[in-house]
Amino acid sequence: METEIGINKTTKKIPKKNVNRGIWKTFLNLCLKANLPVLGIVVFCTISMVSSKIYLLVPSKTGELFAGNVSAQLVTMIILYSILTSTLGQITGFVEQVVNAKIDRNFRNVLWKKTLQLPMSFFDKIPANSMISRITSDTENLRTFIMKVVISEFVGLYTMYITLKQISLYNKALVYILLGLIPVVVILAIVLGRITLKIQIRVRDEISNLTRFLSELIMSVPVIKSFNKENYESQRGNDAIEGLYKANKLQLYLNLAKNPIGTIVEIGKQVTLILVGIQFINKGILNAATWYAFYQFATRILNDVNAKQGVWEQIKATQGSLFRVAKVLEEPEEGFLPYKEEIVETGDIVFENVTFAYEDNSILENVSFRIPYNKTTAIVGPSGVGKTTALKLIERFYAPSKGRITKGEVDIQEFNLKNWRSQVSYVTQDIPMMSGTIKENILYGVKREVTDEELKQAAEVANAHEFIMKQPEGYDTQVGQFGSRLSGGQRQRITIARALLSKPSILILDEPTSNLDAEATAEVMKGINNLKINRTAIVVAHDEQAILDADHIIVFNLDGSISSGTHMELLATNSFYRSMMGGEISA
Ligand code: ADP
């Protein structure tokens, strides 16, 4: 089970065996699939390289100016070069932003598309907020790797090469001195970088901790209030906030220490370069103009090297993000078997020796039963015994690990998944709506043109039309997030109207009225009874009337065995059924 929250743990340690060539290959595949804006990247590289080349001329010319050549031509040239360099810098910045936005969009599209193709078992393993951060922040990390590491390093190496080449024109020894200074700067950068990184990770972890805490708790405000736990949760929140405060304080102290250290390093660099310069001027190798240019070039190279401390950090962050993104991309999609387009519409649904477990939590063990075609079958049994799981297997949210489920003798896994699901309507206790209007919700997933008249008819049969017309804007009323502006019974009746329009051949009703009061149940049942007509209906119910209304009853017994028959047969043969009907239910 994956427990990490993902959002801010990009640099957290990853199991070594996972950071292998495999994920980089996945990265390459992702780049190919994402159709990277190659033209934009080439333009960015070209302008950056031209810019570097032009910049190279500025220190040389400025050096001449400092050496006393104040001709109008030189001054004009310097001004023009400066304007050109800064204009190109702005253009490069703009192109980079556009390329960044395009890469982000393309990565996110690939990941989102893939997410919707994943089997339900995947979502059991990955928490929702981790999935969100994969699509939002992890994709940004991958893009930063492309632009700030791969592309920028390429341009950076080119710039360093042409700068060193320019310096070698003054004197080759200067290049060697500079190359000797680079490792010193690198070591200092690494040491400071590592300390900074550690503190940054701590800050990120604390932010992640606080985000997780708040996202969980804000959803649970009604529970907190009804159990009078405000003080307790307030204290827990304080702890999370305090943790972040302490980490931020640590970062402040580090920054305080880093400034003088940075200044000392900077002064050291300058003194060294000045001393080198004096030596070379004394020997007559450099004059005032070339000395100034050398100083500018050397400072630029050393600053660029110093900035490399972020590259290692970025590579680590990329590995973390890539590990999480690869988990999504490498997961097999659902419905990938070779399939039959045509669904067998007639015929019973039969569970043949089906075994199923969630991970290692075994739920169904070698169970067999038959759901007759075009009849209503009730499934009853104690809570937690696997009734809903059996329905999810029919919906193909999961697949049996052993045995098979058939429809008209054909294994349902063989049918095209989309076609199969369009035959099945699933009405459960609490179906959240999508935000939008009532009309949009009724039509959600209905793949054909529906006239307003047909919509109204479906709503009438679902016993929903009347309440919809009482809403401020009728069918165009917004339902709110997750349908929060409607009652449970109203949401259920909208779901029934939707199911009516989808015309499924199989109707699954998983305790659809268990969250409703008697009045709302009666309203919903009117709709459900209309919906059950002329299709295979499977009802999980504890309600005695719903069981008695069924043509066929299947009992999931506590010991994992299955019994089936009519009401009278089961009363005569099944003690659990007898006690259930005579005890809990009729009581
Ligand atoms: P019933 O409908 O008979 O009440 P369910 O099929 O909902 O039972 O659940 C059977 C068992 O499977 C329960 O113990 C439940 O905790 C477990 N379970 C249900 N869904 C999942 C899941 N997505 N991941 C892991 N375990 C699950």
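Predicted model: local features only at pLDDT ≥ 70, side-chain atom pairs only at ≥ 80, totals over all residues.
Val-354 stands opposite Val-367 in strand E2. Strand E1, residues 349–358, and E2 run antiparallel and are joined by seven bridges. Strands of a sheet pair through backbone hydrogen bonds, and the pairing can be parallel or antiparallel. Here the sheet is open and built from four strands in the order E2-E1-E4-E5, with antiparallel pairing. E2 and strand E5 (410–411) are the edge strands, each pairing on one side only.

Helix H11 packs on this sheet, where it touches E1, E2 and strand E4 (402–407). The direction of H11 makes about 110° with that of E1.

Strand E2 (361–371) and helix H11 (387–395) each supply at least two residues of the shell around the ligand, and H11 gives the most, with three residues. In total, 13 residues surround the ligand, the closest being Gly-384, Gly-386, Lys-387, Thr-388 and Thr-389. By class, the shell holds six polar, five nonpolar and two charged residues.

Several side chains place polar atoms by the ligand. For Thr-388, a polar side-chain atom lies 2.8 Å from an oxygen atom of the ligand. The side chain of Asp-124 has an N or O atom 3.1 Å from a nitrogen atom of the ligand. Tyr-358 has a polar side-chain atom 3.4 Å from a nitrogen atom of the ligand. Taken alone, the ligand exposes 560 Å², and the protein buries 66% of that.

Key:
Residues numbered from 1 in each chain as written. Heavy atoms only, no water. Near = heavy atom within 4 Å. Polar contact = N/O pair within 3.5 Å; in protein donor to acceptor, adjacent residues only side chain to side chain. Areas by Shrake-Rupley, 256 points an atom, 1.4 Å probe, with all protein chains shown as cover. Nonpolar A, V, L, I, M, F, W, Y, C, P; charged D, E, K, R; others polar. Pairing = 2+ DSSP bridges. Contact = heavy atoms within 4.5 Å. Axes fitted to C-alpha atoms, helices over the stretch in contact; angles between N-to-C directions.
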